[in-house]
Amino acid sequence: MLARSALVVASVVTALSILSGCTADPEGSSPVTAVADPPEHHGQCGVTDPTLAQLAKPRGKTIGTAYRSTYAQNDPCYREVALAEFDSLTTEIGTMMNTVQPEPGVFDFREADAVADLAAQHHKDFQIHSLIWDPLDQLQWEIVPSAIRAMAPDRRHQLMIDSITTVMKRYAGRASTVTVVNEAFDQVGHLQPNAWWDTTHNDEYIFDAFRAARLADPTAELYYNDHSAETNSDKSNAIYDLVKRLRDTTVEVDVNGQTVARPLIDGMGFQGHMLGGADQQPNISDIESNVQRFAALGVDVRFTELDVRVPVLNGVATVADLDRQRLVYNMMTQVCLNQPRCTGLTLWGFTDKRSWITDYPDSFSGYGAATPLTDDYRRKPAWKGIADALR
Ligand code: XIL
């Protein structure tokens, strides 16, 4: 059974790559480390025009991916394909607290700089992800380092402000968009009792975080970000209420020597970790109406971590599920295209070789293959789902 589905997938992928002309470019003779700038070359890793970035551009949306520089170290195609297919790069881990501030007051910008520099070299949009986040269901990830968690609440609150200020100032003028606070709510819309909440015991810490971010860099677009908030629900209702109050709250900042009052928030990030198996297709009209009510608050919206996991057996999905996955990617892209305030999509990884769904199989037991490219960077039906919507 497994061998059969693996064979079917392999033959479909081969057929697709032949159809799309997705074979190595015979012209591509320059070494992958010496990427021409511009234009991007698509020579070594099977990327052909049009790419997703090329298709997104005339639609006025950006299409990005989470990026980890370490993934590129022994795998030049990771970098090359990311640069070819996407026009926006987001720090996948580089600006998470355990990477950027592993000890209280000790900053390490190497990973975030690597992504920022790569984006700048290639004239890509650069986005910062998740300054304030403490996933209580994944404490073993230690996103909040233990020495920070152990601090007295008032000192931890000050560390939060200092950390936001330091990161925002470092990337001021370079980061277009920053998800300041991530996943503050549980599934029923109550504030998570996390290490940051614990500094105020209400949502004041969120306001303080946004205020610090705005003061440090008045030009970056500031987002609240959460998962499982795409549809109308108790959770998205609670987030809506928060975003509304953040939007209604202003802080005075200095822009070109002028003092101006700016709202604390610019955008709502819907993570978009979707399921694509049978009977798991999302309710698109529900998503559309939910996204629209946020847009009506006057904020931008974005799908910030889009991926679509499907049932797998030993990592292999069925042809039927890969096609359902294509449809979900297609519909989510359509939702963004139909929403004037949607700035675009960021994929949370672009190859099944390297994604958090692949990296944490225990968290997604029985699911995988969540991205639009195979392990060896071939375009899956999912890629076509995004491309078809953009065309
Ligand atoms: C994940 C990264 O992809 C992993 O590399 C890291 O080890 C843990 O975090 N929601 C989020 C993202 O907001 O920051 C998470 O990213 C995935 C879930």
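Analyst: Start with burial: a residue is buried under 20% relative accessible area, exposed over 50% and partly exposed in between (1.4 Å probe, protein chains only). This is a predicted model, where local features need pLDDT of at least 70 and side-chain atom pairs count only at pLDDT 80 or more, while totals for chains, interfaces and linings use all residues. Residues are numbered from 1 along each chain as its sequence is written, and side-chain values use heavy atoms, leaving out hydrogens and water.

Phe294 is buried, at 0% relative accessible area. The whole structure holds 16 aromatic pairs (Phe, Tyr or Trp six-membered ring, centres within 6.5 Å; planes under 30 degrees apart are stacked, over 60 edge-to-face, the rest tilted). In one of them, the centres of Tyr240 and Phe294 lie 5.5 Å apart with the planes at 85°, so the pair is edge-to-face. Tyr240 belongs to helix α9 (residues 234–248) and Phe294 to helix α10 (residues 284–295), so this pair links distant parts of the chain, 54 residues apart. Helices (H or I, at least four residues) and strands (E, at least two) are DSSP runs, numbered from the N terminus.

Tyr240 is partly exposed, at 23% relative accessibility. Elsewhere, ring pairs join Tyr67, Tyr71, Tyr78, Phe86, Phe350 and Tyr377 into a cluster.

Among the buried residues of α5 are Glu111, Asp113, Val115 and Leu118. After α5 comes His123, with a positive phi near 55°.

The structure has two disulfides (sulfur atoms within 2.5 Å). Cys45 is joined to Cys77, S to S 2.1 Å. That link is left-handed, with -90° about the S-S bond. Cys45 sits in the loop between α1 (2–19) and α2 (52–56) and Cys77 in α3, so the pair ties together parts 32 residues apart in sequence. Cys45 is buried, at 8% relative accessibility.

The other disulfide joins Cys336 to Cys342, again S to S 2.1 Å. Its torsion is about -95°, so it is left-handed. Cys336 and Cys342 are both buried. Counting bonded cysteines along the chain, the pattern is 1-2, 3-4.
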